[in-house]
Amino acid sequence: MTFRSTDPAARERPFGLGTVRRFAEGDSAEQLTRLLHLAYADHAAAGRVFFASYQSAQDTAYRLGKGECWVAFQGDEMVATVTVAAPFAAPEGYPAPAGAGSFWQLAVEPSRRGTGLGQWLLALAEERIAALGCGQIVIDTSSQASELVGWYRRRGYVPVGTWRWDVTNYESVVLVKDLLVR
């Protein structure tokens, strides 16, 4: 089977089971919030309290309004997500290149990890940010999550600074990827 996007902005790619599409009216912010809590629970258990590990459904809805949210479904079950924004409205002092895009809440339901779904959504996020006119991506994650930082570095993201969000309990490493370099 193949994950198929129902949005013409994302091309079909070979992958596991299910469909990938934009979060739509009628989709559940509560269901998405449960997915985020589940996907980020291992970080919280390790002492890294990502906002996605405890945010409310209202917080989720607010964050959805800041970009394009993409969701992967297997049947009726929401199994993965990512939200992209281009350009990214960085807070003052955040070490982001001017005009860069960003993504956040990249999450895969734990039983589906290792299937390539996270990489598929990362590629989708990069493609959407480029299609929206940005040549760079800026993201951040816990500096303590060495496995996650390494995962992004292996995919071309380079650390450029640090940032401290008031909704987490850690310092974030800020990473940038140039989309124009191939």
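This note goes through the predicted model point by point, from the overall layout to the sheet and the helices.

1. Overall layout. The predicted chain contains four helices and nine strands, and, when read along the sequence, these elements follow the pattern β-β-β-α-α-β-β-β-α-β-α-β-β. Of the 182 residues, 48% count as buried, while the accessible surface of the chain comes to about 8900 Å², with 52% of that area belonging to carbon and sulfur atoms. Among contacts between residues at least 6 apart in sequence, 63% join residues at least 24 apart.

2. The three-stranded sheet. An open sheet is formed by three strands in the order β7-β9-β8, and their pairing is antiparallel. Because β7 (136-142) and β8 (158-163) stand at the edges and have a single partner strand each, one side of each of these two strands is left without a neighbour in the sheet. On average, and with direction ignored, neighbouring strands of this sheet are turned by 30 degrees against each other.

3. Helix α3. This helix, residues 117-131, has 15 residues and reaches 21 Å from its first C-alpha to its last, which is close to the 21 Å expected at 1.5 Å a residue. Helix α3 is mostly covered, with 11 of its 15 residues buried; among the buried residues are Trp 120, Leu 121, Leu 122 and Ile 129, and also Glu 126 and Arg 128. After α3 comes Gly 133, whose phi is positive, near 100 degrees.

4. The α1 and α2 pair. Two packed helices are described by the angle between their axes and the distance between the axes. For helix α1 (residues 29-45) and helix α2 (residues 57-64), the packing angle is about 100 degrees and the axes lie 9 Å apart. Angles of 65 to 115 degrees count as roughly perpendicular, and α1 and α2 are therefore roughly perpendicular to each other. On the α1 side the contact is made by Ala 29, Glu 30, Leu 32, Thr 33 and Leu 36, and on the α2 side by Ala 57, Thr 60, Ala 61 and Leu 64.

Terms used
Residues numbered from 1 in each chain as written. Predicted model: local features only at pLDDT ≥ 70, side-chain atom pairs only at ≥ 80, totals over all residues. Heavy atoms only, no water. Buried < 20%, exposed > 50% of the residue type's maximum accessible area, 1.4 Å probe, protein only. Contact = heavy atoms within 4.5 Å. Areas by Shrake-Rupley, 256 points an atom, 1.4 Å probe, with all protein chains shown as cover. Pairing = 2+ DSSP bridges. Axes fitted to C-alpha atoms, helices over the stretch in contact; angles between N-to-C directions. Expected span 1.5 Å × (residues − 1). Parallel < 35°, antiparallel > 145°, perpendicular 65-115°, else oblique.
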